[in-house]
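Student: Could we go through this structure together, taking a few residues and sheets in turn?

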Amino acid sequence: PEFLEGELPGKVSDLAVDSSGRVYAAAPREEAVLIAGGEGPLERINQAGIDALAFDRWGRRWSAGESGLFAPGGEVFALPESAEIVSLAPLSPSEVWVADAKSRAVLRLQVDQPVVRAQLPDRAQPVAVVAGAYSGAWVLDARNASLVQVGSDGKILKTVTLESMSEDPVD
C-alpha cells in the first residue's frame with residue numbers, strides 16, 4: 001500500500017535518523033522499516049519481525065527483532081530465545097549493546113566473544129540504550145525514571161535519578 005507523506009500506519013516500535021536526516025521507523029505490524037524525509041510518500045523496506053533499529057557512526061543501519069540482530073556487513077547475532085529487544089547502540093562494525101525489556105538487562109554482543117550481560121534492577125523497564133565511553137553504555141530506565149551507566153564488563157557503574165534533576169516536573 002502507498003502511505004501519504006508523514007502518515008505512519010499503525011504502531012512504530014523504534015526510530016533512528018540517518019546522516020542525511022531521513023527518519024527510519026521500525027513498524028512490526030507492517031513487517032517493514034518505513035522511511036520519511038524523502039520526496040513523496042514514505043519509502044518501505046520489507047523486514048519481518050523488526051523491533052529496533054539504529055545507525056552506527058559510519059552511517060550503516062543495524063536492526064533487531066525476533067529473527068536476530070542484523071549488522072550492516074551481513075553478520076547475524078543470535079539473541080536469547082525470549083529476548084525482547086527495544087533499543088540498539090552500535091559500538092563498532094562487530095559490536096553492539098542491546099536493551100532487552102523482557103529480561104530487564106542490556107547485553108553487549110561482539111563477534112566471536114561471549115555475551116556481556118548487565119542485569120538491571122528487578123522492576124526496571126529499559127527503553128533506550130546509547131553507547132558510552134570506553135565501550136560502556138547508558139540505559140534509560142523508564143519505570144524508575146533513571147539513567148544507568150554500565151561498564152564494558154557489564155557492571156553497573158552509576159545510577160542517575162532523573163526526578164531529582166528537575167524542580168518542576170514536566171506534565
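Tutor: Asp100 has its place in strand β10 (residues 95-100), where strands are DSSP runs of E with at least two residues, numbered from the N terminus. The model is predicted, and local features need pLDDT of at least 70, side-chain atom pairs count only at pLDDT 80 or more, and totals for chains, interfaces and linings use all residues. Residues are numbered from 1 along each chain as its sequence is written, and side-chain values use heavy atoms, with hydrogens and water left out.

Student: Which side chain of opposite charge is nearest to Asp100?

Tutor: Asp and Glu count as negative and Lys and Arg as positive, while His and the chain ends are not counted. A salt bridge requires a side-chain nitrogen of Lys or Arg within 4 Å of a carboxyl oxygen of Asp or Glu. Asp100 is buried (under 20% relative accessible area, with a 1.4 Å probe and protein chains only), yet has no salt bridge, and the nearest side chain of opposite charge, at 5.3 Å, is Arg117.

Student: Which backbone nitrogen does the side chain of Asp100 reach?

Tutor: Apart from neighbours within four places in sequence, Asp100 is in contact (heavy atoms within 4.5 Å) with residues including Ala83, Glu84 and Pro126. The side chain of Asp100 also reaches, at 3.1 Å, the backbone nitrogen of Lys102.

Student: Is Arg108 buried or exposed, and with what relative accessible area?

Tutor: Arg108 lies in strand β11 (residues 105-110), and leaving aside neighbours within four places in sequence, its contacts include Leu91, Glu95 and Trp97. The side chain of Arg108 makes a polar contact with that of Glu95 at 2.2 Å; such a contact is a pair of N or O atoms within 3.5 Å, and within protein one must be able to donate a hydrogen and the other to accept it, while residues adjacent in sequence count only if both atoms are side-chain atoms. Arg108 is buried, with a relative accessible area of 13%.

Student: Why is one side of β1 and of β4 left without a neighbour in the sheet?

Tutor: An open, antiparallel sheet is formed by 4 strands in the order β1-β2-β3-β4, where two strands pair if DSSP finds at least two bridges between them. Because β1 (14-17) and β4 (43-46) stand at the edges, each has a single partner strand.

Student: In β14, what is the bridge partner of Ala131?

Tutor: Another open sheet of 4 strands runs in the order β13-β14-β15-β16 with antiparallel pairing, and its edge strands are β13 (126-131) and β16 (156-161). Strand β14 (residues 137-141) pairs with β13 over 5 bridges, and the bridge partner of Ala131 in β14 is Ala137.

Notes: Buried < 20%, exposed > 50% of the residue type's maximum accessible area, 1.4 Å probe, protein only.
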